[in-house]
Amino acid sequence: MGIREKYRDKYRVKIGFVPTRRETFSETAFRLDKAAETKKKVEERLTAMQVDYVNIDFLNEEGLLYRSRDAEKVAEYLNQQKVDAIFIAHVNFGCEEAVARLASMVRKPVLLWAVRDDAPEPEGYRFRDAQCGVFASSKVLSRFDIPFTYLTNCYTEDVKFENGIRNFLAAAGVAKAFNAPRIGQISVRPAAFWSVKCNEAELLERFGVEVVPITLVEMQKRYQDILQKKGTDFEEELDYIMSKVKAECVGREALESICAMKLAVFNWAEEENLRAAATQCWAPFTDISGIAPCYLMGDSTDDGFPIACENDIHGALTAIMALGANGASEPPFFADLTGRHPTDDNAELLWHCGVFPPGLANEKGVTIGCHQGKGYKGAGQFELKQGDITLLRFDSLKGDYKLLFGEGKTTQGPYSKGTYVWAKFNDWPAWERKFVCGPYIHHCTGVYGSYAHVFQEAVKYLKGVEPDPVYPAQETLNERWK
């Protein structure tokens, strides 16, 4: 597996599928067949959806959880399998005590669902009461203080079943990304940027976030060694970088420097098992390399390893949440909220010096040029594609952590140097007020697609983080889970 595939694979969510029935409710062969039939249908749907899952067939002939005393065995097995979430499916009433004990031992995001009950038999007998069992299990999970996601009672064939699974995988992906990640810090923040300060000790104590520093001197040694040797990996990476580019205005020497520095960062990140990084990206970085770091940062983000500007650790954490939401199917982009549209009061310029991922460029393609302020070679110059986007920002003030999120659409606007896209929102002044009055700064992360409902749900698994939705309204977000 190549390094790019390794980074993207970190965002793949593996679930433990735990179907449950009630022991005393299912002693006839007919009732057991009903439970087994539903289990089979669910597994067929998960397989067709290409969901990475493990079941509990090891436990008994049925592969069903129906005894409280078996919860320890299942928890041990799922932990050994390194699942990122558990899907508890009530194929009839289920075993509420086993469900709660299992979830309390695994401590991963939980999806709770019951198959829709069949009509009573002509004689009036019912053979499931699965919905009733979910009411019981949800109460006990709440007593254990275990957050869970509820997939509305439905048949396995329903569209809402597949949508619910995919939404849960996205929310669980955000939780997985935020589960004790290691974030690289290259040098120190720019002296003038007080707004990007973060509490490293508090991030570790409250969320298990490890900040792993490296000095520019150390990074320079790695960079120079790669540039001097120019081995096979170097040539392959250089070809890969150039395969994304329509034009470059910087010359061969600068392109080789971009490639060498990107590999230096990648090698360090792999050694330290990092999820993302934030870097000093002003003059000291250019002093050690002769280039602006912008393009290599965007290209690295394109490959599944986000690098945030101006040593914004919270920005790097926001980026991995975005990758968790879409399973690293597409890169996020790290933007400044730069200025309002000259003619549209609800549109805003999302811009940065040249760090947007080239994979998100519009049909005009990607150019590698010079930083607009300093003239250093190595900044991207292109506009992003059109589409629906979600903006988000993880930040804090005085120990209160929030995740802002909301949706908009890209729109047309004037040309700008660097990497940019204009975006239109429902009520930009309301967004602006959120950023100004909340614990946020001018940095945000954008991701293509509509994920506000995913982040709303994911926050319940990020203990100590408060959701701060902007748009759509809560009712609309709730509708997406029905």
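Let me start with valine 250, which counts as buried because its relative accessibility is 5%, where buried means under 20% relative accessible area, exposed means over 50%, and partly exposed lies in between, using a 1.4 Å probe and protein chains only. What we are looking at is a predicted model, in which local features need pLDDT of at least 70 and side-chain atom pairs count only at pLDDT 80 or more, while totals for chains, interfaces and linings use all residues. Residues are numbered from 1 along each chain as its sequence is written, and side-chain values use heavy atoms, with hydrogens and water left out.

Valine 250 lies in the loop between strand S8 (247-248) and helix H10; helices here are DSSP runs of H or I with at least four residues, strands are runs of E with at least two, and both are numbered from the N terminus. If we leave aside neighbours within four places in sequence, valine 250 is in contact with Leu255, Ile368, Gly369, Lys377 and Gly378, contact meaning heavy atoms within 4.5 Å. Glutamate 202 is 48 residues from valine 250 along the chain, and the C-alpha atoms of the two are separated by 42 Å.

Now to the nonpolar core, by which I mean a set of buried Ala, Val, Leu, Ile, Met, Phe, Trp, Tyr and Cys residues joined through side-chain atoms within 4.5 Å. The largest such core has 159 residues, and those that touch the most other members are Phe87, Leu102, Ile165 and Phe394. Helix H10 (residues 252-272) gives the most to this core, with 12 residues. As for phenylalanine 87, if residues up to four places away in sequence are not counted, its contacts include Ile15, Phe17, Val42, Leu46, Trp113, Phe161 and Ile165.

Next, the open sheet, in which five strands are arranged in the order S2-S1-S3-S4-S5 with parallel pairing; two strands pair if DSSP finds at least two bridges between them. Its edge strands, each pairing on one side only, are S2 (52-54) and S5 (149-150). Within the sheet, S3 (residues 85-90) and S4 (residues 110-114) are paired in the parallel sense over five bridges, and histidine 90 stands opposite alanine 114 in S4. Helix H3 (residues 71-80) packs on this sheet, touching S1 (14-20), S2 and S3, and its direction makes about 160° with that of S1. Helix H6 (residues 159-177), for its part, lies across S1, S3, S4 and S5 and runs at about 150° to S3.

How do the helices pack on one another? Two packed helices are described by the angle between their axes and the distance between the axes. The axes are lines fitted to C-alpha atoms, for helices over the stretch in contact, and the angles run from 0 to 180 degrees between N-to-C directions. The axes of H3 and H4 come within 9 Å and cross at roughly 35°, and the contact includes Val74, Ala75 and Leu78 of H3 together with Leu102 and Met105 of H4. The residues of that contact divide into eight nonpolar, one polar and two charged, where Ala, Val, Leu, Ile, Met, Phe, Trp, Tyr, Cys and Pro count as nonpolar, Asp, Glu, Lys and Arg as charged, and the others, Gly among them, as polar.

H4 (residues 96-106) also packs with helix H5 (residues 130-143), at an angle of about 35° and with the axes 9 Å apart. Here the contact is made by Glu96, Val99, Ala100 and Ala103 of H4 and by Ala136, Ser137, Val140 and Leu141 of H5, a group that divides into six nonpolar, one polar and one charged.

Turning to other strands, S11 (residues 333-340) pairs with S18 (residues 443-448) in the antiparallel sense over four bridges, and phenylalanine 333 has glycine 446 of S18 as its bridge partner. S11 is also joined by four bridges to S12 (residues 347-352), again antiparallel, with six residues between S11 and S12 in the hairpin that they form.

Finally, which residues of H12 are buried? They are Cys294, Tyr295, Leu296, Met297, Gly298, Asp299, Ser300, Thr301 and Asp302, so that, with nine of its nine residues buried, helix H12 (residues 294-302) is largely enclosed by the rest of the structure. Just after H12, glycine 304 takes a positive phi of about 100°. Met297 is also one of the residues touched by threonine 279, which lies in strand S9 (residues 276-279) and is buried, with a relative accessible area of 2%.
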